[in-house]
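Some labels given to residues in a structure rest on cut-offs. The questions below ask how such labels are reached.

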Amino acid sequence: MERHIQMFLKRLSYVSITIGTITFILLLLKTPDTCVAPDSPPKPHLRFPKSSCDSSPRELLPLHKKNKRLWSTKTWQNKVQSFSNFFRACYQMGLLHNDSKVLCVSAGAGHEVMALNQLGVADVTGIELLDSPPLVSRADPHNLPFFDDVFDLGFSAHFAKALFPNRFVSEMERTVRAGGVCLVVVDECGDEEVREIVDLFTNSSFLGALNVTLTGLRMTRIIMKVQHLP
């Protein structure tokens with residue numbers, strides 16, 4: 001009895017495999033129906049259709065038009081305004097001037113870069129793993145493509161996302177001149193967490209920490225003065 005059941009199951013498996021193979025071949029051979037008109041313009045004038053019947057031609061927007069659309073949104077403008085308010089406090093503390101050379105590490109889409117430019121800082125470099133031209137260039141925050149002592153101020157609002165915090169901090173310190181400032185903003189934290197971050201800066205002295213609001217979030221601002229200790 002058991003042997004008959006095994007033979008039956010084996011035959012059933014063979015039949016299932018055969019049916020599956022035939023179905024797969026038919027799917028490969030069948031030409032899918034499409035609603036795209038035969039006279040539609042060729043790529044790259046068409047974007048990928050949202051559905052099989054979405055065949056209306058769509059022109060790809062040039063970069064400057066995409067940026068104009070993005071930068072005109074309320075969300076973008078609010079974030080830039082928040083960074084502007086943040087950097088005004090840096091002006092008041094004497095950490096930032098219009099002739100300062102500033103490096104924004106892990107700058108995302110470039111809100112902080114635009115804010116600094118609008119405040120009058122002409123020499124601002126923003127870097128991120130993915131570029132967002134013209135505000136942010138592509139570079140690895142853990143291996144910055146700059147000479148030593150190039151910048152007056154190094155800034156990052158995304159330090160907490162660093163894969164290798166020690167390397168991230170080391171590269172910021174290396175590229176900022178002695179007497180310059182490294183300024184990082186992290187999620188709001190207490191004295192113990194601040195001390196852990198401060199200890200990563202082996203060539204800088206601690207100037208202070210303060211809880212601030214940035215882009216609607218409660219954050220902690222940490223300021224380090226670069227000394228390039230031997």
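Buried means under 20% relative accessible area, exposed means over 50%, and partly exposed lies in between. The model is predicted.

Q: Which residues of H3 are called buried?
A: The buried residues of H3 are Trp76, Val80, Ser82, Phe83, Ser84, Phe86, Phe87 and Cys90. They pack against helices H2 and H4 and against strands E4, E5, E6 and E7.

Q: How do you know that the span of helix H3 agrees with its number of residues?
A: At 1.5 Å a residue, the 19 residues (74–92) should span 27 Å, and the end C-alpha atoms lie 27 Å apart, so the two agree.

Q: What makes Arg174 and Asp148 a salt bridge?
A: The cut-off is 4 Å from side-chain nitrogen to carboxyl oxygen, and this pair meets at 2.8 Å, N to O. Arg174 is in helix H5 and Asp148 in the loop between E3 and E4, 26 residues apart.

Q: What does the salt bridge between Arg218 and Glu188 tie together?
A: The closest N and O atoms are 3.1 Å apart. Arg218 lies in strand E7 and Glu188 in the loop between E5 and helix H6, so the pair ties together parts that are 30 residues apart in sequence.

Terms used
Residues are numbered from 1 along each chain as its sequence is written. This is a predicted model: local features need pLDDT of at least 70, side-chain atom pairs count only at pLDDT 80 or more; totals for chains, interfaces and linings use all residues. Side-chain values use heavy atoms; hydrogens and water are left out. Helices (H or I, at least four residues) and strands (E, at least two) are DSSP runs, numbered from the N terminus. The expected span of a helix is 1.5 Å times one less than its number of residues. Buried means under 20% relative accessible area, exposed over 50%, partly exposed in between (1.4 Å probe, protein chains only). Contact means heavy atoms within 4.5 Å.
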